[in-house]
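Look over the sequence and the model before reading on.

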Number of protein chains: 2
Amino acid sequence: MRRVTIADVARRARVSPMTVSRVVNGSDHVSDQTRRRVERAMVDLGYIPNRVARGLVVNKLGVLALVIPDLSNPFFTKVARGVEARANLAGYTVILGNSDEDAHREEAYLRAVSSLQVDGVILASSGRGSGASLAWPLRRGIPVVLLDREVDGFDGDFAHGESRRASRLLVEHLIEHGHHRIAMVSGPLGASTARDREHGYRAALGHHGLRFDPALLRRAPYTRAGGYREALALLAREDRPSAVFAANNFLAFGVMDAAREQGLRVPQDLAVVTFDDVEIAADEPFLTCADQPAEALGQAAIGLLLDRLDGDHSPPRTVMLETELRIRRSCGRHEEPLADRATVG
Amino acid sequence: MRRVTIADVARRARVSPMTVSRVVNGSDHVSDQTRRRVERAMVDLGYIPNRVARGLVVNKLGVLALVIPDLSNPFFTKVARGVEARANLAGYTVILGNSDEDAHREEAYLRAVSSLQVDGVILASSGRGSGASLAWPLRRGIPVVLLDREVDGFDGDFAHGESRRASRLLVEHLIEHGHHRIAMVSGPLGASTARDREHGYRAALGHHGLRFDPALLRRAPYTRAGGYREALALLAREDRPSAVFAANNFLAFGVMDAAREQGLRVPQDLAVVTFDDVEIAADEPFLTCADQPAEALGQAAIGLLLDRLDGDHSPPRTVMLETELRIRRSCGRHEEPLADRATVG
DNA sequence: TCAGCTTATGGTAGCGCTAACATCATGTCA
DNA sequence: TGACATGATGTTAGCGCTACCATAAGCTGA
């Protein structure tokens with residue numbers, strides 16, 4: 001069972017390979033009669049064009065790479081859906097890579113896809129160290145768009161959700177409910193999102209005349225275990241906080257794990273607010289959060305990339321999408337009038 | 001900025017392209033001295049091998065495709081992690097495709113990757129109609145391994161989790177807790193997992209002398225909305241069931257949505273059991289479920305595939321992995337002694 | 001009638017790489 | 001010493017496809 005090539009089709013249709021190629025690629029300048037004969041031959045032989053060979057000639061594989069730091073985080077899978085949907089519409093196949101928040105895996109991935117000659121790369125960085133990763137595609141002249149997290153020293157397109165203002169609002173919401181010892185469990189400093197969210201946190205405190213206490217700001221990797229560990233440390237303090245702002249959904253779960261273990265009820269004993277909504281939950285939505293439009297973010301990122309692939313050489317662009325606040329129960333909003341409960345969450 | 005090719009490296013190292021190729025591919029028969037000179041030249045020029053060109057010659061791209069029906073289902077993302085981890089170890093890059101439970105998208109994907117000349121395909125079928133999808137890689141001689149769900153008429157390798165026995169045990173657990181009107185919200189008949197789980201459901205009923213009532217078996221797509229719709233119908237009945245077996249996690253969420261909307265408490269008014277654990281939850285694990293070893297399933301599937309890629313031509317193999325029961329609160333196990341609560345969930 | 005255009009089709013070369021064989025310099029043993 | 005292995009390197013051809021130019025045939029208008 002030898003593979004069917006364009007030459008086989010050409011022989012059967014009694015035309016040159018060139019003509020078959022024209023039919024395959026939908027070029028004009030082929031008479032209807034010939035086109036039909038060729039199409040017939042393709043079907044008869046079960047011809048499947050070889051995109052690798054084509055890619056070698058036209059230097060365009062029709063594949064885009066998307067690298068995200070955590071496949072199990074619903075935020076990133078939503079992003080991936082957005083990217084994939086629009087990429088497929090534009091005729092591209094997407095390679096999805098998972099760096100597991102590890103700079104080495106990320107670099108290995110980017111090297112692999114660069115050597116595969118993908119046409120473009122969307123990277124949600126795993127944190128510091130992405131500079132080395134990015135060198136691979138950039139050296140090849142492969143366009144790169146950053147997603148969600150910025151990378152120091154990279155001057156290119158970037159799509160992200162608004163973090164600072166949303167963080168400030170979340171924390172202000174807590175303050176308005178009477179909390180004045182508010183801790184933050186932030187992500188790794190390498191993640192620009194963590195830095196932005198810390199910025200909003202401190203802005204809210206400052207704006208309301210609350211002193212920033214460094215002991216109440218703790219950082220961990222964006223994982224449930226990390227949130228758990230830092231929250232335990234916070235809750236062990238004599239002057240423990242009455243509210244915690246977790247910088248992402250996984251951290252929030254960890255915080256709640258710790259609270260439960262300490263016998264603290266959320267929100268009565270500890271209020272919790274966070275980033276990124278998680279729709280998959282066995283119960284009514286519970287966490288008050290700032291919900292980034294993940295799917296739209298993915299679409300925005302690939303929009304930027306497709307423009308580059310169309311030959312756009314304008315200066316780097318940044319797309320920032322608005323983040324929506326979802327006030328629910330974990331922040332203790334039960335103190336609000338009941339009418340309010342009906343309209344939100 | 002022209003792309004650096006093997007010829008450029010060869011010129012700089014004053015050797016033939018062939019020798020560079022040997023160095024790149026780690027072949028023997030290159031003197032240490034030459035090897036060092038070539039490596040030096042590669043670094044100096046920033047050479048990145050072109051896998052597309054290589055793929056054209058050796059007819060092996062080093063890419064595997066994984067197609068799953070739902071990227072937002074944690075079960076499948078866990079599977080994907082398993083596949084990816086082991087594939088990367090073996091030097092392959094994985095293309096992840098999401099068919100969204102849609103046979104057409106699935107077929108489009110398989111056609112795309114077949115034409116990309118991927119080396120192998122792992123498919124978690126979207127249901128009936130996957131025969132057409134599979135024709136693409138098979139015609140090309142690309143090995144295929146099925147995952148989780150079987151496809152009628154496909155006679156090849158298959159990796160899946162045990163469904164029948166686990167389903168029977170789940171339902172028997174309900175029966176032993178005194179339930180005798182137990183409904184099932186199953187998946188689409190096209191999914192072999194749905195058929196297997198129905199089998200287990202009926203076996204449990206029969207084994208305990210309970211009549212199978214067709215009105216209590218309803219089917220929906222594997223979505224939250226589907227589970228919600230069918231559960232509403234079930235709960236509207238005069239003789240509404242006291243327990244529901246949902247065939248997967250999304251269906252279970254839908255069932256619980258419906259229960260909540262009807263003012264029914266789980267498990268007090270309605271017991272719920274399901275398949276596939278969801279670790280991401282804002283609360284203590286709640287759903288009693290049969291937990292398939294998703295990551296191990298992914299690894300098993302790719303193990304089968306790698307064997308084929310190594311030239312294994314033995315008859316098709318099926319790998320079935322055991323499924324673990326996790327008894328938690330949603331089934332009403334609070335009726336059990338408290339000591340039990342401490343050891344499980 | 002023919003220059004000058006358009007349209008359909010074919011021929012040639014080459015994308016970047018490697019399989020397969022060829023070549024050449026050494027080393028080994030009787 | 002020569003027959004013969006062994007190892008390092010080069011040469012040639014070709015993977016399947018398409019860019020580019022060539023060719024041939026049909027058509028227009030003066």
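## Chain interface

Two residues are in contact if their C-beta atoms, placed from the backbone, lie within 7 Å. By that rule, 44 residues of chain A are in contact with 44 residues of chain B. The model is predicted.

On the side of chain A that touches chain B, these elements give two or more residues: helices H4 (51-58), H5, H6 (103-115), H7 (130-140) and H11 (249-261), plus strand E2 (93-98). That side of chain A divides into 24 nonpolar, 11 polar and nine charged residues.

## Helices H5 and H12 of chain A

H5(A) covers residues 74-89 and H12(A) covers residues 294-309. They pack at about 45 degrees, and their axes are 7 Å apart. That angle makes H5(A) oblique to H12(A). Their crossing is right-handed.

From H5(A), the residues that meet H12(A) include Phe75(A), Val79(A), Val83(A) and Arg86(A). H12(A) contributes Leu297(A), Gln299(A) and Ile302(A), among others. By class, this contact has 10 nonpolar, three polar and four charged residues.

## Arg218 of chain B

Is Arg218(B) buried, exposed or partly exposed? Its count is 19 other C-beta atoms within 10 Å. A buried residue needs 20 or more, and an exposed one has 12 or fewer. Arg218(B) is therefore partly exposed.

Arg218(B) lies in strand E7 (residues 217-219) of chain B. Leaving aside residues up to four places away in sequence, Arg218(B) touches Val185(B), Ser186(B), Glu230(B), Ala233(B) and Leu234(B). Ala246(B) is 28 residues from Arg218(B) along the chain, and their C-alpha atoms are separated by 9.7 Å.

Technical notes: Residues are numbered from 1 along each chain as its sequence is written. Chains are lettered from A and ligands numbered from 1 in the order in which they are written. This is a predicted model: local features need pLDDT of at least 70, side-chain atom pairs count only at pLDDT 80 or more; totals for chains, interfaces and linings use all residues. Axes are lines fitted to C-alpha atoms, for helices over the stretch in contact, and angles run from 0 to 180 degrees between N-to-C directions. Helices (H or I, at least four residues) and strands (E, at least two) are DSSP runs, numbered from the N terminus. Angles under 35 degrees count as roughly parallel, over 145 as roughly antiparallel, 65 to 115 as roughly perpendicular and the rest as oblique. A crossing is left-handed if the near helix is turned anticlockwise from the far one by less than a right angle, and right-handed if clockwise. Ala, Val, Leu, Ile, Met, Phe, Trp, Tyr, Cys and Pro count as nonpolar, Asp, Glu, Lys and Arg as charged, and the others, Gly among them, as polar.
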